[in-house]
Amino acid sequence: MVVPTADRLLRVDLSAGSTESVPIPDRWLERYVGGKGLGARYLYEELDAGVDPLGPANVLCFMLGPVSGLTPGESRYAAVTKSPLTGGFLDSYAGGEFPDALVGALGSHLGLLVTGAAADPVQVVVEDGEATVEPAATWGEDVATTAVAFPDASVACIGPAGENGVAYATIASDAGDHHAGRGGAGAVMGAKQLKAVVARGEPPAELEELREEYARRYREDDTGKWLRASGTVETVDFANEAGVLPTRGWEGGQFEGADAVGIGAVEERASGREYDDEDDPRGFRVETADGESVPRGATAMTLGAGLGIDDFDAVATLGETCNRLGVDLISAGSAVAWAIKASERGLVEESFSFGDPGDARELLAGIAARETPLGDALAGGVDRAAERFGGAELVPTIKRMELPAYDPRGAHSMALAYATSDRGACHRRARPVEREVFDGEWSPDRAGRRGRPRDRRRARLDADAPVQRPGGARPCRRRAAADAPGTALFGPQRGRDRRCSDLRGHARGLLPQARVGGKRPADARDGRPARPGRGRRRRHPPGGGARQRWVSGHAVPRRHSAR
């Protein structure tokens, strides 16, 4: 059976209120495949150097891959644009139900490319391969309320943070359960007065036999078992035991309250799983003061350990606050940590403390509203707050993006991963911390010590390419569980049998394109951050060892990295 071919793009001009279906050049489809690579190519083609990320000349792409909606457990879309946080290339991803609906709604199109800016708030409705620009009645509402307004559709929208131009505002989907989180794509939507993209459609139902084979391999793989057991919440326990869990604004690498916010606490309070699917249930649903939430590993790592809060209910509520405001909780947590440390050092007038959920919630609300000098400064990111008040050394950033919760002082390979990421400090590009922790003899230097610079570069790319492969919007490492059936989907789609080696070559080609796609500023060079404190290194978690990792408290052979 043949997969429906997607080889066109829907262009949406918000300034004119018009839409147009255009073909994607064949050479671009062959070289970039879809998702991140194709989005980066359009950015390079459309943007002039120095364009304002929040100006009408910036573009925002909602890109799919050619197998999006066909592969169980891995449907995603990519939001590709120039970042208001870093000033460079940005690709940010979200899964859940919205990408599947977008696949069905777009028909023969591989994505949306949004240009210009509307005079008043609008929404873009996509259905039956066409797009229309309509007035938005939900401007000013949070993301959950916005989603409820469209009971017959799936919605990707912004909240108050995006409307107010917070530099790390997200694009939220599935009522805030999923976010295209890092780098501020939501602020770009807000600047364009685009409240939401509304998709009405169902993903194609072809290739059922291949899908079932992929699902079987995923169920049997260590990554599938790990995610089925714990979602991503167990990363808290792993990072803490490994000594790479940033605590109280990066002042340490282990948190004495980790058990109170880790997998045990989540399982104890969970009302159920995210999806009613025993093979792929995803996260845990919990009740918070702001409503039902699905806390991820980053929630407890950044808003729990990162802020010194060991009350799970308080941490989950802070996470849901971020979800509804539409703000990246990694950058937001770092901004709150910076404000607390700046308060302790007398750099700001306000008084805040680690371990106080009330202070954290006050700061998050202030960031989204931007109504005070401190809230306005923090809304621009840690670097911009430091430029205004001082304290550049308090919380680390790379290319103006705040670091995620894997401390590179406890796993030096992560310093390389952060420093060379194309979008700034990012654990999604490469996560060698797992190899370094579980295999004491592995290191990027040792892996590339074959005498030639080309081989050293290859070692770096080998750590990076598994999350860059261009098959979907951004197939992540769990897809390694099913390389054979996954790559087989490309044959009917592009008229060619693309093997794993083909995709790896394509992935390597995406890296330089992404680096120039956003016309990076001169100060966006690779480099390491300042050192705000001292981390603690611990090679192996209890019960672990070389080439092992956890599945719900049990060490198992490590084959593929989980997020």
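Tutor: A nonpolar core here is a set of buried Ala, Val, Leu, Ile, Met, Phe, Trp, Tyr and Cys residues joined through side-chain atoms within 4.5 Å. Keep in mind that this is a predicted model.

Student: OK. In the largest nonpolar core, which residues touch the most other members?

Tutor: W338 and L378 do, in a core of 68 residues.

Student: Which helix gives the most to this core?

Tutor: Helix 14, with ten residues.

Student: And what does L378 touch, not counting residues up to four places away in sequence?

Tutor: L378 touches Y168, A335, W338, A339, L363, I367 and A385.

Student: What about another core, apart from that one?

Tutor: There is another, of 55 residues, and its members include I24, L112, A156 and A185. As background, nonpolar side chains tend to be buried together in soluble globular proteins.

Student: Back to helix 14. At what angle do the axes of helix 14 and helix 15 cross?

Tutor: Roughly 115°, and the axes come within 10 Å. Helix 14 covers residues 329–344 and helix 15 covers residues 357–369. That angle makes the two helices roughly perpendicular.

Student: Left-handed or right-handed crossing?

Tutor: Helix 14 passes helix 15 in a right-handed crossing.

Student: Which residues meet there?

Tutor: From helix 14, A332, A335, V336, A339 and I340; from helix 15, A360, L363, L364 and I367. By class, this contact between helix 14 and helix 15 has nine nonpolar residues, with no polar and no charged ones.

Student: Switching to helix 12. How many of its residues are buried?

Tutor: Seven of the eight, so helix 12 (residues 297–304) is largely enclosed by the rest of the structure. The buried ones are G297, T299, A300, M301, T302, L303 and G304.

Student: What covers the buried residues of helix 12?

Tutor: The cover includes helix 9 (235–242), helix 10 (258–261), helix 13 (312–325) and helix 14.

Student: Helix 14 again. At what angle do the axes of helix 12 and helix 14 cross?

Tutor: Roughly 10°, with the axes coming within 9 Å. Angles under 35 degrees count as roughly parallel, and helix 12 and helix 14 are therefore roughly parallel to each other.

Student: Which residues meet between helix 12 and helix 14?

Tutor: A298, T299, T302 and L303 on the helix 12 side meet L329, I330, G333 and S334 on the helix 14 side. By class, that contact has four nonpolar, four polar and no charged residues.

Student: Where are V33 and R400?

Tutor: V33 is in the loop between helix 1 (26–32) and helix 2 (35–46). R400 is in the loop between strand 16 (397–398) and strand 17 (401–402).

Student: Is V33 buried or exposed?

Tutor: V33 counts as buried because its relative accessibility is 0%.

Student: Last one, G116. Where is it, and what is it in contact with?

Tutor: G116 sits in the loop between strand 6 (109–115) and strand 7 (122–127). Leaving aside neighbours within four places in sequence, G116 is in contact with D13, L14, S15, P56 and K192.

Student: How many residues apart in sequence are G116 and P56?

Tutor: They are 60 residues apart in sequence, and 4.4 Å apart in space, C-alpha to C-alpha. G116 counts as buried too, because its relative accessibility is 8%.

Conventions: Residues are numbered from 1 along each chain as its sequence is written. This is a predicted model: local features need pLDDT of at least 70, side-chain atom pairs count only at pLDDT 80 or more; totals for chains, interfaces and linings use all residues. Side-chain values use heavy atoms; hydrogens and water are left out. Helices (H or I, at least four residues) and strands (E, at least two) are DSSP runs, numbered from the N terminus. Buried means under 20% relative accessible area, exposed over 50%, partly exposed in between (1.4 Å probe, protein chains only). Axes are lines fitted to C-alpha atoms, for helices over the stretch in contact, and angles run from 0 to 180 degrees between N-to-C directions. Angles under 35 degrees count as roughly parallel, over 145 as roughly antiparallel, 65 to 115 as roughly perpendicular and the rest as oblique. A crossing is left-handed if the near helix is turned anticlockwise from the far one by less than a right angle, and right-handed if clockwise. Contact means heavy atoms within 4.5 Å. Ala, Val, Leu, Ile, Met, Phe, Trp, Tyr, Cys and Pro count as nonpolar, Asp, Glu, Lys and Arg as charged, and the others, Gly among them, as polar.
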